[in-house]
Amino acid sequence: PYLTSTSKGRFKGHRNLPYRDAQPYKASIYYWWWAFLKRNTYYQRTCAKGGKGRLSRLYRDFGNIFDIAFETWWKRGRYLFAEQSALLGEDATTAKGDLLYRIDPYRSFNQIHQEIKAIHMQAIMMRSANSGVRKSSAKYPIYANASAYNLYRVLKVWDLRCNHPNASAYDLGIMAGLKPNILPPSRYGHTRTRSAAAIERHNKRAHISIANQSNRYLRTAEQYIEHVGHGEFPKALRR
């Protein structure tokens with residue numbers, strides 16, 4: 001994410017924000033990587049011991065994220081997620097799958113543009129023929145796509161569980177902002193009519209739906225927090 005000149009950067013306005021009035025950088029998956037890592041108990045202990053502990057290797061890259069704001073940490077942390085430089089050196093001329101093009105400065109721009117366009121189309125055809133997916137060259141690649149909104153919801157329910165350990169799953173969902181489709185009772189106060197019974201069944205299903213969603217968020221959060229300690233995010237293998 002861009003932390004300065006956000007009005008000119010990728011994360012401007014309200015685009016992809018997880019909630020209203022969120023800081024622009026919270027639309028980035030890398031912010032949530034940092035946020036979920038802060039919930040990892042083993043990483044908390046490693047940071048508390050100055051980098052000594054179960055996740056000492058991860059600490060050498062991420063450092064103590066508990067005494068620094070994300071905006072400050074990102075200035076050095078961004079390089080952990082960056083793709084390797086696209087500049088071609090002598091060792092990269094034989095890299096498998098690379099299409100190399102040497103620009104002749106004496107040719108016209110239009111001619112160079114047309115040649116690069118043709119090479120790009122050739123690369124697309126080669127990629128289509130190859131069933132394999134190109135892997136990221138970053139030290140810490142993104143494991144899977146996930147929206148900032150869902151990551152925000154998952155972490156919010158997790159934090160609510162930590163702060164309210166005795167709350168029901170339904171109550172956690174309500175506190176997290178989930179909206180149950182609850183029908184109002186009969187205005188005549190009937191409780192034994194077919195209509196009243198139907199309303200009761202519907203509301204019971206609505207309660208269960210919110211509880212199930214909260215539990216699903218909790219299971220996902222637990223997996224995200226576990227795997228981020230292994231350098232993988234967002235990774236959840238079960239729902």
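I174 is partly exposed, with a relative accessible area of 35%; on this scale, buried means under 20% relative accessible area, exposed means over 50%, and partly exposed lies in between (1.4 Å probe, protein chains only). This residue belongs to helix 7, which covers residues 169-175. Helices here are DSSP runs of H or I with at least four residues, strands are runs of E with at least two, and both are numbered from the N terminus. Leaving aside residues up to four places away in sequence, I174 touches P180 and I210, where contact means heavy atoms within 4.5 Å. The C-alpha atoms of I174 and S214 are separated by 9.1 Å, although the two residues stand 40 residues apart along the chain.

The model is predicted, so local features need pLDDT of at least 70 and side-chain atom pairs count only at pLDDT 80 or more, while totals for chains, interfaces and linings use all residues. Residues are numbered from 1 along each chain as its sequence is written, and side-chain values use heavy atoms, with hydrogens and water left out. pLDDT is the predictor's confidence in each residue, from 0 to 100. Its mean for the protein is 84, and 81% of the residues reach 70 or more. Two stretches stay under 50 in pLDDT: residues 5-13, with twelve contacts beyond four places in sequence, and residues 86-94, with four such contacts.

Turning to the overall fold, the protein has eight helices and zero strands. Buried residues make up 31% of its 239 residues. Of the contacts with a separation of 6 or more, 56% are between residues 24 or more positions apart.

The axes of helix 1 (residues 29-37) and helix 8 (residues 194-228) come within 9 Å and cross at roughly 90°. Axes are lines fitted to C-alpha atoms, for helices over the stretch in contact, and angles run from 0 to 180 degrees between N-to-C directions. Angles under 35 degrees count as roughly parallel, over 145 as roughly antiparallel, 65 to 115 as roughly perpendicular and the rest as oblique. Helix 1 and helix 8 are therefore roughly perpendicular to each other. In this pair, W33, F36 and L37 of helix 1 meet A221, Y224, I225 and V228 of helix 8. The residues of this contact are seven nonpolar, no polar and no charged; Ala, Val, Leu, Ile, Met, Phe, Trp, Tyr, Cys and Pro count as nonpolar, Asp, Glu, Lys and Arg as charged, and the others, Gly among them, as polar.

With helix 4 (residues 70-77), the axis of helix 1 comes within 11 Å and crosses at roughly 110°, so this pair too is roughly perpendicular. Here Y30, Y31 and W34 of helix 1 contact F70, W73 and W74 of helix 4. The residues involved divide into six nonpolar, no polar and no charged.

D21, in the segment before helix 1, has a positive phi near 65° in a residue other than glycine, and D21 is exposed at 61% relative accessibility. A cis peptide bond with omega of about -15° joins F233 and P234, and P234 lies in the segment after helix 8. As for cysteines, C47 is buried at 7%, whereas C162 is partly exposed at 48%. With a disulfide taken as a pair of cysteine sulfur atoms within 2.5 Å, the count is zero.
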